[in-house]
Amino acid sequence: MMRKFWANLSDLAGNIWRPVPLKGAENVLAMIINAEDEEGQPPGTSIVIATTVWVLTSPRRVFDFLNNEGTRNRYIDLQWDILTYGHRVRETGYIDNGCDHGNQVSILEVKSTEDQIVVILLQEIYTTLTGSYVTFAPVEASTLDMILNGGSPENLPILPSGFSILPDGPKGNEGSTGSLVTMAFQILDTASSATYISPDSVATTFKLVMETAECIKAAMLNPLNLGT
């Protein structure tokens, strides 16, 4: 899933990043991906919006905060996940994916206050000394069953969103460096096409990215954040 996330965001496939014509979007870029009969891509047009923020917090602390299902939950004041707001998120299983304890693929259930499943998320996290990554995507229950029964996840038709976390900047609290946090959200968009991005879709996704960025920056300044 992580390879697919970066493949979708790269310009190797002719993807073209465009500036977002909205106030406050100077550091935000958008792209459209049009997929027809491509393995690993849901059919149709998707919109991608990405931005990068700098926080005076160590990469490990940011990584721990973003990959903890507790920070997606409605029960805390430091929730960063706008899409799961008001719901309860619970990890139902995981598989280690590498030597580091922080490298794994997890299944997250998002449930309503009535205890009904709203969506199932597949999440992959990976950390090294040079960078850390958190990627996730909604999946159908049938797709998840296929994976759990030994099927290959390589060509699953999913649209991963996520974060890359890189060390950067001067020493901060407790001698740690700052972090560059790049976030990108990919959403299927029936209102856009290969040559046209719907203004309403851009505005909606832009709001999602900016609110997420603000939540992360606020949480990194809060001593109660779960990543400390």
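Helices (H or I, at least four residues) and strands (E, at least two) are DSSP runs, numbered from the N terminus. I start there since helix names come up throughout.

This is a predicted model, in which local features need pLDDT of at least 70 and side-chain atom pairs count only at pLDDT 80 or more, while totals for chains, interfaces and linings use all residues. Residues are numbered from 1 along each chain as its sequence is written, and side-chain values use heavy atoms, with hydrogens and water left out.

First, the overview. The protein has four helices and nine strands. Read from the N terminus, the order of elements is α-β-β-β-α-β-β-β-β-α-β-β-α. Of the 228 residues, 48% are buried; buried means under 20% relative accessible area, exposed means over 50%, and partly exposed is in between, with a 1.4 Å probe and protein chains only. The exposed surface comes to about 11800 Å², and carbon and sulfur atoms supply 55% of it. Those areas come from the Shrake-Rupley method with a 1.4 Å probe, and for residues only the protein chains shown count as cover. Contact means heavy atoms within 4.5 Å. Among contacts between residues at least 6 apart in sequence, 56% join residues at least 24 apart.

Next, salt bridges. A salt bridge is a side-chain nitrogen of Lys or Arg within 4 Å of a carboxyl oxygen of Asp or Glu. How many salt bridges are there by this rule? The count is eight.

Take helix α4, residues 199-220. Glu 214 and Lys 217 form a salt bridge there, with the closest N and O atoms 3.1 Å apart. The two are three residues apart in the helix, so about one helical turn separates them. Glu 214 is partly exposed because its relative accessibility is 43%, and Lys 217, at 29%, is partly exposed as well.

Now Glu 109 and Arg 90. Their closest N and O atoms are 3.5 Å apart, in a salt bridge. This pair links distant parts of the chain, with Glu 109 in strand β5 (residues 104-111) and Arg 90 in strand β4, 19 residues apart. Is Glu 109 buried or exposed? Glu 109 is buried, with a relative accessible area of 15%, whereas Arg 90 is partly exposed at 39%. Both belong to a network of salt bridges that links Arg 88, Arg 90, Glu 109, Lys 111 and Asp 115.

Then Asp 81, which lies in the loop between α2 (59-67) and β4 (88-96). Asp 81 counts as buried because its relative accessibility is 5%. Which residues does Asp 81 contact, leaving aside its neighbours within four places in sequence? They are Thr 71 and Arg 72. Arg 72 forms a salt bridge with Asp 81, with the closest N and O atoms 2.4 Å apart. Arg 72 is buried too, at a relative accessible area of 0%.

On to the nonpolar parts. In soluble globular proteins, nonpolar side chains tend to be buried together. A nonpolar core is a set of buried Ala, Val, Leu, Ile, Met, Phe, Trp, Tyr and Cys residues joined through side-chain atoms within 4.5 Å. The largest one here has 31 residues, and Ile 49, Leu 66, Phe 163 and Met 183 touch the most other members. Elements giving two or more residues to this core are β2 (28-35), β3 (44-55), α2, β7 (132-139), β8 (161-171), β9 (177-188) and α4. Helix α4 gives the most, with eight residues. Apart from this core lies another, of 10 residues, among them Ile 120, Leu 122, Leu 144 and Ile 158.

Last, the aromatic rings. Rings of Phe, Tyr and Trp (its six-membered ring) pair if their centres lie within 6.5 Å; planes under 30 degrees apart count as stacked, over 60 as edge-to-face and the rest as tilted. A search of the whole structure finds four such pairs. In one of them, the rings of Trp 80 and Phe 136 have centres 6.0 Å apart and planes at 55°, so the pair is tilted. Trp 80 is in the loop between α2 and β4 and Phe 136 is in strand β7, 56 residues apart. Both are buried. Phe 163 and Phe 185 form an edge-to-face pair, with 6.4 Å between centres and 85° between planes. Phe 163 is in strand β8 and Phe 185 in strand β9, 22 residues apart. Phe 163 is buried at 0% relative accessible area, and Phe 185 is buried at 3%. Trp 80, Phe 136, Phe 163 and Phe 185 form one aromatic cluster.
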